[in-house]
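Good morning, and thank you for coming. I shall present one structure today, going from a single chain to its contact with a partner.

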Amino acid sequence: MKVGIVVFPGSNCDLDVKYAVQDVMGHEAEYIWHRNKDVGKYDCIVLPGGFSYGDYLRGGAIARFSPVMEAVSEYALGGGLVLGICNGFQILLEAGLLPGAMRKNDNLQFRCQNTHLRVVNSKTPFTNACRKGEILQIPIAHSDGNYYADAETLKELEDSGRVVFRYCNPSGEPTPESNPNGSVNNIAGICNHGGNVLGMMPHPERCMEEIMSGTDGVKIFISMINFLEGGGGLE
Amino acid sequence: MYKAEIYITLKEGVLDPQGSAVEKALHSMNFRGVQEVRIGKFMQVVLSADSLEAANQQVKEMCDSLLANPVIEEYTFNLQEVEK
């Protein structure tokens, strides 16, 4: 697997993703500067977390107009794997590659904590190494992760299995107490129609080794490798 | 030259956590009459354009594409001609 990691001014999880792919998973990863317009040679594009353009105006609002985003859109529409993490998820929403928008966390706090996630859809290129209903522990770190979509969009997402992760308690129930930001239906991650574009607020690259207090992030990267090697996802 | 004064607000029905927090603060300061607080953004854009109508069109496009997020926000603006 050869991963391209887009670097916007203000991205700060780009190094972590490179470490995760290269040092932990033993695969290839390269940075793509946001002015670059060619993303064709990669098996997967990651939009990493951080504060692109200082989060000015709205998280992801300015980054989506970076030169690279046109190429990322084409890549995504052509079926290429695109993973947006945290700020990367916000950018995908702003770019219209995923539906909905992010509001400020309902508690007005910047939440930096571990969360339990229920894998709602295990048939995506990003979750095929998980069991349906499996509970993962992946940390979040954001203040604008309060996912919103209107009732119609929400119904469509739910009915078509495009809600991929939900915040839940340790037994897997999506309770209000386990929702760290107020997201509708406890949504932590969604994918597009094709399943090849995933946006998630939690950071899998931050739980890749025991020393990081968890290794569930590895499952996301294994899933992607499985998929690319023809082993799972997208029925 | 034209000056646009743009107001961006959350759509009705979209939860505004900042507004709710400020509303509670006002209540605790004994402003008992406060019914609701909604927080938005105010922007001033000075631009050159061939006519008021052209400026109007440009500001509308700016709002639709970047300044507001149509999923959760709506906008209004005033436009007036100003001295250079």
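Predicted model: local features only at pLDDT ≥ 70, side-chain atom pairs only at ≥ 80, totals over all residues.

Among contacts in chain B between residues at least 6 apart in sequence, 69% join residues at least 24 apart. Residues are numbered from 1 along each chain as its sequence is written, chains are lettered from A and ligands numbered from 1 in the order in which they are written, and side-chain values use heavy atoms, with hydrogens and water left out.

Which elements make up chain B? Chain B has 2 helices and 3 strands, arranged along the sequence as β-α-β-α-β. These elements are DSSP runs, numbered from the N terminus: helices are H or I with at least four residues, and strands are E with at least two. The radius of gyration of chain B is 16 Å, well over the 12 Å that the globule rule gives for 84 residues, so chain B is more spread out than a compact globule. That radius is taken over C-alpha atoms, and the globule rule is 2.2 Å times the number of residues to the power 0.38. Along the principal axes, the C-alpha atoms of chain B fill a box of roughly 50 × 30 × 15 Å.

I turn now to the interface. Chain B gives 15 residues to the contact and chain A gives 17 residues. Together the two chains bury about 1300 Å², 70% of it on carbon and sulfur atoms; buried area is the accessible area (1.4 Å probe) that two parts lose on being put together, summed over both. On the side of chain B, Pro17(B), Leu66(B) and Ile72(B) lose the most area to chain A, together 36% of what that side buries.

How many salt bridges does the rule find across this interface? The rule, a side-chain nitrogen of Lys or Arg within 4 Å of a carboxyl oxygen of Asp or Glu, finds 1 salt bridge between chain B and chain A. In a salt bridge, the side chains of Arg58(A) and Glu73(B) meet at 3.6 Å, N to O. Elements giving two or more residues to the side of chain B that touches chain A are helix H1 (17-28), strand E2 (41-47) and helix H2 (52-67) of chain B.

Key. Contact = heavy atoms within 4.5 Å.
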